[in-house]
Amino acid sequence: MIAILRLVHPAPTVAVVALSAALAFILADQSGPVPLGRLALTTATVLGSQVMTGALNDWADRDRDRVARRRKPIVEGQVTPRAAVALAAAGGALQLAASAPLGALALLIGVAASASAIAYNLWLSRTPLSVLPYLVSFGLLPLWIAAGMDVPLSRVAAAPVLVGPFAAAAHLANTLRDFETDQRTGSRNLAQVLGRRRAFSISFGMAMAVGIGVGASFLIGGSVRALTAVLGFAGLAAVAQGAAGPARLWTGMLIAAVLWTAAWALGTG
């Protein structure tokens, strides 16, 4: 069971699913009584996508992991490649089954986001275009949630402007953690092309800029409360401590995403 959990990359999966559920709740709460059925289905679609993406990632990278990253469930023999594919298929089936009752728009946006993630796992993760699926998939996420909750997409139209750069920063921070491994296995992802120092500077700078941008939007909109400000600054502090290195930056960005979502929830009532 633990090996299966490791296969789906539990930390980012929990973060993305939790943030998606929070966003779905916030959007629905602003429109009236929260439709719990749609909330559960929308959250399930994201969970299915994350399960599929994580399992497929380990399956696609299994040969490279045998060379440089031996502490992986497939490489350790705890999970077979066939089981990883089956788990990925189950995740995809969950996404489609949960999406069907939500309508064609939610289904199509979800499929597009997952297709982008699949392209990353099977091909783009090893090319200079490695950041593109992060921009596409996470840029679509707010629209996907809005469609799932049956609220106008215009409500989240500005979200990709902040989500996209933050996702790109997260991609660089994540790949920098495996910089030596990717270098040894011949990967040419964006971090490798940019170089360690430049990629880290861009990742750190974009993450901080997003945090400052979120804060500025609250100030302009007059939505700043004491707790909102505390959460916003705590998120900035979480990112700032990532100046010590990629691993800490990656962790700090996960924490900041949660804190800034909570700040947004309070700031929007």
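**View 1. Helices H3 and H6 cross in a right-handed sense.** In a right-handed crossing, the near helix is turned clockwise from the far one by less than a right angle. The structure is a predicted model, in which local features need pLDDT of at least 70 and side-chain atom pairs count only at pLDDT 80 or more, while totals for chains, interfaces and linings use all residues. Residues are numbered from 1 along each chain as its sequence is written, and side-chain values use heavy atoms, with hydrogens and water left out. The axes of H3 and helix H6 (residues 104-122) come within 9 Å and cross at roughly 15°. H3 is therefore roughly parallel to H6; angles, from 0 to 180 degrees between N-to-C directions, count as roughly parallel under 35 degrees, roughly antiparallel over 145, roughly perpendicular from 65 to 115 and oblique otherwise. From H3, Ser49, Met52, Thr53, Leu56, Asn57, Trp59 and Ala60 meet Ser114, Ala117, Ile118, Tyr120, Asn121 and Leu122 of H6 (contact: heavy atoms within 4.5 Å). The contact of H3 with H6 comprises eight nonpolar, five polar and no charged residues.

**View 2. Helices H2 and H7 pack with a right-handed crossing.** Helix H2 (residues 10-29) and helix H7 (residues 132-148) have axes 9 Å apart and an angle of about 45° between them. This angle makes H2 oblique to H7. On the H2 side, Val16, Ser20, Leu23, Ala24 and Leu27 meet Phe138, Leu141, Pro142, Ile145 and Ala146 of H7.

**View 3. The largest nonpolar core has 25 residues.** Such a core is a set of buried Ala, Val, Leu, Ile, Met, Phe, Trp, Tyr and Cys residues joined through side-chain atoms within 4.5 Å. Within this core, Phe166, Leu176, Ala207, Val239, Leu249, Met253 and Trp260 touch the most other members. Two or more residues come from each of helix H8 (159-177), helix H10 (190-194), helix H11 (196-221), helix H12 (226-240) and helix H13 (246-267). H8 gives the most to this core, with seven residues. A second, separate core of 22 residues includes Val17, Leu39, Leu143 and Ala147.

**View 4. Trp260 and the residues in contact with it.** Leaving aside neighbours within four places in sequence, Trp260 is in contact with Phe166, Ala207, Val210, Gly211, Leu231, Gly232, Gly235, Leu236 and Val239. Among these partners, Phe166, Ala207 and Val239 are also listed with Trp260 among the core residues that touch the most other members.

**View 5. Asp58 and Thr43 are both placed in helix H3.** Helix H3 covers residues 36-60. Asp58, with 3% relative accessibility, counts as buried (under 20% relative accessible area; exposed is over 50% and partly exposed in between, with a 1.4 Å probe and protein chains only). When residues up to four places away in sequence are not counted, Asp58 touches Arg6, Leu7, His9, Asp65, Lys72, Pro73 and Ile74. Thr43 is buried as well, with a relative accessible area of 19%. Again not counting residues up to four places away in sequence, Thr43 touches Val17 and Ala21.

**View 6. Ala265 lies in helix H13.** The relative accessible area of Ala265 is 24%, so this residue is partly exposed. A separation of 27 Å is found between the C-alpha atoms of Ala265 and Ala104, which are 161 residues apart along the chain.

Methods: Helices (H or I, at least four residues) and strands (E, at least two) are DSSP runs, numbered from the N terminus. Ala, Val, Leu, Ile, Met, Phe, Trp, Tyr, Cys and Pro count as nonpolar, Asp, Glu, Lys and Arg as charged, and the others, Gly among them, as polar.
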